[in-house]
Amino acid sequence: MTKFLFRKNIFNILTILLLSMLLLAACGNEDNESQANEEEENDTVATDSNEEEETANTREVEHAMGTTTIEGKPERIVTLYQGATDAAVAFGITPVGAVESWLQQPFYDYLKDDLTDVTVVGQETQPNLEEIANLKPDLIIASNIRHEEIYDQLSAIAPTVSHETVYAFKETVSLMGEAMGEEEKATEILDDWNNRVEDFKGKVEEKYQDEWPFHASVLNFRADHARIYVTGFAGSILSELGFKGPKQLSDDSQDVLKLTDKESITEMNADVFYLFMEDDPAVESTYKEWTEHPLWKDLDAVKNDEVHQVDEIIWNMAGGIKAANLMLDDLYDRFDLEK
Amino acid sequence: MKKEQSQPLFHLFKNRITWIILSLLACLFMVTIVSLSVGSTYISPIEIWGHFLGQGGGEYDFTINMLRLPRLILAFLVGAALSVSGLILQSIIRNPLASPDIIGITAGASVGAITFIVFFAGTISISWLPLVSMSGALVVAVLVYLLAWKQGVTPIRLVLVGIGIAAAMKAFVMMMIVVSETAVTTKSYLWLTGSLYGATMKDVIGILPWVVVFIPLAFLLARTIRVLELGDELATSLGVNVQVIRFSLLFVSVVLAGSAVAFAGGIGFVGLIAPHIAKKLAPNVFHLLVPIAGLIGGLMVMVSDLIARTAFLPLDIPAGVFTAGIGAPFFIYLLYRNRHM
């Protein structure tokens, strides 16, 4: 009995080890094969579209997930991130479906009037694939950060173009312009933006002369920490407008710097602060704690009385070209410049 | 798969057990039908039948073949794997609170997955994520085992070292989440909650071999588990090589939990509650507990995901939010019902 059990045990272990090794090897192969297949498929798609290029209405759009061929002018568009929904409205196009906004659900107030009949297809992080399929779209605008793993399924529903991020509002406009066959409109929107940027730069420099450029920090208070948005949406717009970033930033490689310790308050230092936060008692108490700290009172913006609370949606969450223009409007007003 | 399990049992075991398994299979069948029917578009069971017979012109090809079916199968496999993994751990550690979360397996997989999401997402294809998180689970399990080794591994050392390592891993995960950008944070949290969202047939094929090989292995090893439950001295005196058996069981458990977590993220509570439900339903038949626990675990995750994706349409919520919500009340009911027994 003893011997029998013991032998069986050894046998079992050998079986386990052997099987698992075989399995691992098998799985590895499988992955490679399926990837190779995908590549082949992509190749065939590419050659097909080259042949078709002569037909007027077929376009090849290059994007973060490869190249997608789009025929004709898409009319039923689904936008899967806030910035894309915003951009669609800027194009004067009403999407058939869009993801729910983070606040002011279902859509941000500044877009609500333009999106009255739009179907909500779930949240940006997990849009509902069945809802999207039901809408029978002919173009889907997605983002790699959010939708990389469902890209194949989205593509099975409709041609899908994907951007790397969610806040690069200008790239979103060009990508969507290309995908929707509205390149001219896209150029117009972007030219308009560039002109406004130049106009702002000229006027702000004229007004402040040598004081310009200011250092600006975009701050956000959370329930348990504070953040500096170095790049991202607001940060990139401010630097495009000629603002300089925080004065004593120790690490400028990060998009968002999370400060968990009040001793790092000095990292925030700048001539002017734009801060936004959620309307929540816990956040407010953090804000109170941080702003009562002695180091806070030493910051230049605090001494100059240049701490401004701004709209969280326009400055951070919306991430589209319309929001960018609204943020610029806000800056014109705050510096008392003529638009 | 359903038939294979029920037929040999029919001859060998008492009626009660047969009935339990048959009714679980019936539940499985019903949940399958309901899950395939409901969603944003309702497809009647008759139409589903037609679809599988090839009638109906393929109008549901996308909804059923690409969305609902893979998700359903993955849910079942993940649930079954977690449940059997938990069952084995509870027996070898001889602690009813043991589960893959406790001895660091889930935490190890999380470290793998979150490291991947934070540092490599975008540069390396996301299809490597399951492999990375499974390696994380294995590495941590080996670490726990080695650290717990002191002329053999005793259950209590395994638990203590496991809890310690799990805590360290969780701290590491939190640190990575805190230092990463907002979008990545959201993605990491979704993964940690555990979701079957976006499941494809590729995922199903990825997890299938592990489950198909290691659950039957657990079944084969199960006879010796009962002896282990008597305690190391007694088991050794009965002629069981305790260390060898414990190592193989632990290995099976790690592989099952690791593969489940790799494909569905940190779905919690199934590995803890499903085995208990199985034990309450069918006490004192350990080798049969493996299929029963597997079925219950699979059902739990299937029902959770069904609720998660339909209750708040059009929102699609991570199934991990509901696993405890489904399992715990039923468990409490069983405890309540059995309290006079």
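The legends below accompany close-up views of a predicted model.

**View 1**
Among the contacts in chain A with a separation of 6 or more, 61% are accounted for by residues 24 or more positions apart. The pLDDT of chain A averages 81, with 83% of the residues scoring at least 70.

**View 2**
Of the elements of chain A, helix α1 (residues 2-52) has the lowest mean pLDDT, at 47, whereas strand β3 (residues 77-79) has the highest, at 94. Over residues 1-6 of chain A the pLDDT stays under 50, and the model has six contacts beyond four places in sequence for this stretch.

Strand β6 of chain A, formed by residues 139-143, is mostly covered, five of its five residues being buried. A:Leu139, A:Ile141 and A:Ser143 point one way from the strand, while A:Ile140 and A:Ala142 point the other way, and all of them are buried.

**View 1. Pairing of strand β6 with strands β3 and β7 in chain A.**
Strands β3(A) and β6(A) run parallel and are joined by three bridges, with A:Ile77 standing opposite A:Leu139 of β6(A). Strand β6(A) also pairs in the parallel sense with strand β7 (residues 160-163) of chain A, over four bridges; here A:Ala142 stands opposite A:Ser162 of β7(A). Of the residues named in these pairings, A:Leu139 and A:Ala142 point opposite ways from β6(A), and both are buried.

**View 2. The largest nonpolar core, and another core apart from it.**
The largest nonpolar core comprises 110 residues, of which B:Val78 and B:Ile292 touch the most other members. Helix α4 of chain B, spanning residues 61-92, gives the most to this core, contributing 17 residues. Apart from this core lies another, of 81 residues, which includes A:Val96, A:Ala133, A:Trp193 and A:Phe243.

**View 3. Surroundings of B:Ile292.**
Leaving aside residues up to four places away in sequence, B:Ile292 touches B:Ile20, B:Ile21 and B:Leu24, together with B:Ala278, B:Leu281 and B:Ala282. Together with B:Val78, B:Ile292 touches the most other members of the largest nonpolar core.

Conventions:
Residues numbered from 1 in each chain as written. Chains lettered and ligands numbered in written order. Predicted model: local features only at pLDDT ≥ 70, side-chain atom pairs only at ≥ 80, totals over all residues. Core = buried A, V, L, I, M, F, W, Y, C linked by C-beta atoms within 7 Å. Buried ≥ 20, exposed ≤ 12 C-beta atoms within 10 Å, placed from the backbone. Contact = placed C-beta atoms within 7 Å. pLDDT = per-residue confidence, 0-100. Pairing = 2+ DSSP bridges.
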